[in-house]
Amino acid sequence: MERTSLIVVALLVCLSVVVVKAEDPYLFFEWNVTYGTIAPLGVPLQGILINGQLPGPRINCTSNNNIVVNVFNNLDEPLLLTWNGVQQRKNSWQDGTPGTMCPIMPGTNFTYRFQVKDQIGSFFYFPTTDLHRAAGGFGAINVHSRALIPVPFDNPADEYNVFVGDWYNKGYKSLKKILDGGRTIGRPDGIHINGKSVKVGDKVAEPLFTMEAGKTYRYRVCNAGMRTSVNFRIQGHPMKLVEMEGSHTVQNVYESLDLHVGQCLSVLVTADQEPKDYYMIVSSRFLKQAQLSSVAIIRYANGKGPASSDLPAPPPENTQGIAWSINQFRSFRWNLTASAARPNPQGSYHYGQINITRTFKIVNSRSEVDGKLRFALNGISHTNAAETPFKLAEYFGVTEKMFKYDLMADEPQTDDLNKVTVAPNIKNATFRNFVEIIFENREKTIQTYHLDGYSFFAVAIEPGKWSAEKRKNYNLVDAVSRHSIQVYPNSWAAVMTTLDNAGLWNLRSEMWERYYLGQQLYFSVLSPARSLRDEYNLPDNHPLCGIVKSMPMPSPYKP
């Protein structure tokens, strides 16, 4: 009897240990990154493929899953991948930007390990090194709600990922040479949809997606282009917006939607029309020259008949088009009653009642330095010239050998934005501060910005210049929580967020020419406690490079 009791006790102890150590599920991926011939616009060129695919493999996961991606770099250049929209809680070590990680060198591999902690939604990955984004290497990250968390719409019959964007026929190495020579890469050559470009009436076009009559489908659409905003629409099929960059939205119905560079959203489309082919149309927005466009075929199963050549008209352009697009932005609302990654409703977080502790007013500019094109924020044009990532310099305590903090002021110090300093642009920010970021665009071209590590509330977009009294126009109730924001020509945008994620985080232009030539910065958000509760230690497999390569490891963070 005594022996039996001991066995029972031992079993209970073992079970309790299992429960205590239980982790969220792991998903494992192995990716082979190679060159391959692609022709999105019909012109063959060298592209970047992952496991031979463009778009690359889809990461289909659930909130809180642990993602492990072993990346083999078979290019002839260093490589990094970033996970656009994944917040990397406490873990900027995995963010995949040149400021946070040493690159994966040719012929080597690196295993990314991160968790999609408390997130749902539609995101994507892409390469951040050099001009690799212009060569492909992108793919979908779909984060689903956990089984017990209600979703504010019925399960769709299927989900389709759609990548849209502009494309250049020069090839990424030629584009890099142009930018390194101090010139602009100029206007793109066309628009692609999932790496292909089709024109109305093309006889050889195969359907991109298939729908069955009477069923509803979820389309997750991302703009993975280089610089061009687009509008997308589907012949004869309204689209119900249900999710945007990780937030459930009020479910408004749209005939067409503007989608800016780096942005993703989800729409529901019901196959309730005559069974035949229909066109999805993607067209450029706000280009000075003639509009670029492409189509893809959506086919009804067992349908008969080609798609009509009568396409739905695009939205207006010029000043009217900007007003149209701003009004559409204002129609996007956070679904306050829906749950996201957690059971509590999204609207239980009352961001509008939090006091702002710091305001950053950021003005972009275009100028020349020593006869070469540069882009800047508040007069600082960022450079990654050093071989040592800034995050590693912080961790090893050698920042004074690498860069100076806060070269960029919290607001422009002069109206002459042509005076530009080329240097690392690292801003100190206070852990857990609630901040307001104003993006003011005094140029004649649209801008799009993305912030790694966070989502923010996009509270306002308006024409003109920002001033403090403009705060009375903010949406302080149901602005969508997202990670990117567009800024129209001669306009401003305001976002608000809590800097509660310790690490080094990239705020960047999603227009890759601008990013490459300096229109970006890093927020350094350090926890004074140096505690594992706030930030993870440098991973054991993290490569070291530059001046820290031979240095002794610093003392790790403690619980």
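Author: Let's start with Lys 90, which sits in the loop between strand 5 (81-84) and strand 6 (109-115). Keep in mind that the model is predicted.

Reader: Okay, what is phi of Lys 90 near?

Author: Here's the general idea: most residues other than glycine have a negative phi, and most peptide bonds are trans. Lys 90 isn't a glycine, yet its phi is positive, near 60°.

Reader: And why does Lys 90 count as partly exposed?

Author: Partly exposed covers the range between buried, under 20% relative accessible area, and exposed, over 50%. Lys 90 has 22% relative accessibility, so it counts as partly exposed.

Reader: Where is Asp 370 found, and what is its phi near?

Author: Look at the loop between strand 21 and strand 22 (372-377). Phi of Asp 370 is near 55°, again a positive value in a residue other than glycine. Asp 370 is exposed because its relative accessible area is 77%.

Reader: You mentioned peptide bonds. Which residues does a cis peptide bond join?

Author: Leu 54 and Pro 55, with omega at about -5°. Pro 55 lies in the loop between strand 2 (45-50) and strand 3 (59-62).

Reader: Now the surface. Which residues form a nonpolar patch there?

Author: That would be Leu 336, Leu 476 and Val 477, and together they have about 230 Å² of accessible area. To find Leu 336, go to the loop between helix 3 (318-331) and strand 21 (358-369). Leu 336 has 32% relative accessibility, so it counts as partly exposed.

Key: Residues are numbered from 1 along each chain as its sequence is written. This is a predicted model: local features need pLDDT of at least 70, side-chain atom pairs count only at pLDDT 80 or more; totals for chains, interfaces and linings use all residues. Side-chain values use heavy atoms; hydrogens and water are left out. Patches are made of residues with over 30% relative accessible area and no salt bridge: like charges are joined within 9 Å, nonpolar side chains (Val, Leu, Ile, Met, Phe, Trp, Tyr) within 5 Å. Accessible areas come from the Shrake-Rupley method with a 1.4 Å probe; for residues, only the protein chains shown count as cover. A salt bridge is a side-chain nitrogen of Lys or Arg within 4 Å of a carboxyl oxygen of Asp or Glu. Helices (H or I, at least four residues) and strands (E, at least two) are DSSP runs, numbered from the N terminus. Buried means under 20% relative accessible area, exposed over 50%, partly exposed in between (1.4 Å probe, protein chains only).
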